[in-house]
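Here is a short report for a first look. Keep the sequence and the model side by side as you read.

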Amino acid sequence: MSSEAASEVAIRPAREEDIPQIVTLVNGYAAQNLMLPRSSEEVRRTLKTWIVAEADGKVVGCAALARLSPELAEIRSLAVAPDRKGQGIGARLVHTLVDVARQEGIKQVAALTLQQAFFERLGFEVVDRWALSPKIWSECVYCPKFHRCDEVAVALSLAVEGEEDAHRPPREAHLPQPAWALTPVSR
Ligand SMILES: CC(C)(COP(=O)(O)OP(=O)(O)OC[C@H]1O[C@@H](n2cnc3c(N)ncnc32)[C@H](O)[C@@H]1OP(=O)(O)O)[C@@H](O)C(=O)NCCC(=O)NCCS
């Protein structure tokens, strides 16, 4: 990873003016069948659950944390701009959402992904997709690949208070402390 390049990138809560860039970024990958598409309306409705990576005034990465239950949250729409891949931005976005989830008292963070190795690199483990909350699958009915799903379920267990967490991924010292509150995604 190029730490110099990544250090110019700020991770922050998404704002209204980021929505067009978020939608363009996500839907660019959705067109390649790498993730689900998102509409502006959908992003606007769930804006408080989104974070972005910003560099030179532009959104170069994004992700959202959907709180599915008091114990489970799902990382969604994780995307890094093609020309910014491999600079640690995806890892920083995931670490930030994991920190948010931890502050919210979430016990497990999950994702459905084609990028199994990336998530494993960050300490996630492959889990039985059917063991995950049915709430995760509620979104799958909107996916064009519903009947031929090739995504893998991964999950990271978070430490409960006072407990060591062997699964905790290394946290970069320069990450901002997330100070914003997530609101549950309405379904
Ligand atoms: C997957 C994605 C978010 C990774 O973001 P990124 O910024 O390129 O990844 P990072 O630079 O933070 O990589 C972190 C670590 O994971 C590794 N990694 C990154 N992508 C990987 C992949 N596809 N397979 C295996 N390892 C990967 C990196 O080598 C790095 O390891 P290191 O710490 O040993 O250097 C990005 O490639 C992307 O946007 N892909 C298209 C959209 C997509 O598939 N999103 C996931 C939907 S769940």
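## Around the ligand

How many residues surround the ligand, and which are the closest? The shell holds 21 residues, and the closest are Lys-85, Gly-90, Ala-91, Thr-113 and Ala-117. A residue counts as near a molecule if its C-beta atom, placed from the backbone, lies within 6 Å of it.

This is a predicted model: local features need pLDDT of at least 70, side-chain atom pairs count only at pLDDT 80 or more, and totals for chains, interfaces and linings use all residues. Residues are numbered from 1 along each chain as its sequence is written.

Strand 4 (72-80), helix 4 (89-103), strand 5 (108-113) and helix 5 (116-121) each supply at least two shell residues. Helices (H or I, at least four residues) and strands (E, at least two) are DSSP runs, numbered from the N terminus.

Seven strands make an open, mixed sheet in the order 1-2-3-4-5-7-6. Two strands pair if DSSP finds at least two bridges between them. Strand 1 (10-13) and strand 6 (125-126) are at the edges with a single partner strand each, so one side of each has no neighbour in the sheet.

Strand 3 (residues 58-67) pairs with strand 4 in the antiparallel sense, over six bridges. Ala-64 stands opposite Arg-76 in strand 4.

## Two positive phi values

Asp-56 is not a glycine, yet its phi is positive, about 50°. Asp-56 sits in the loop between strand 2 and strand 3. Ser-77, in strand 4, also has a positive phi, near 55°.

Which is buried and which exposed? Asp-56 is exposed because it has 7 C-beta neighbours inside 10 Å. Ser-77 is buried, with 25 other C-beta atoms within 10 Å. The cut-offs are 20 or more other C-beta atoms within 10 Å for buried, 12 or fewer for exposed, and partly exposed in between, with C-beta atoms placed from the backbone.
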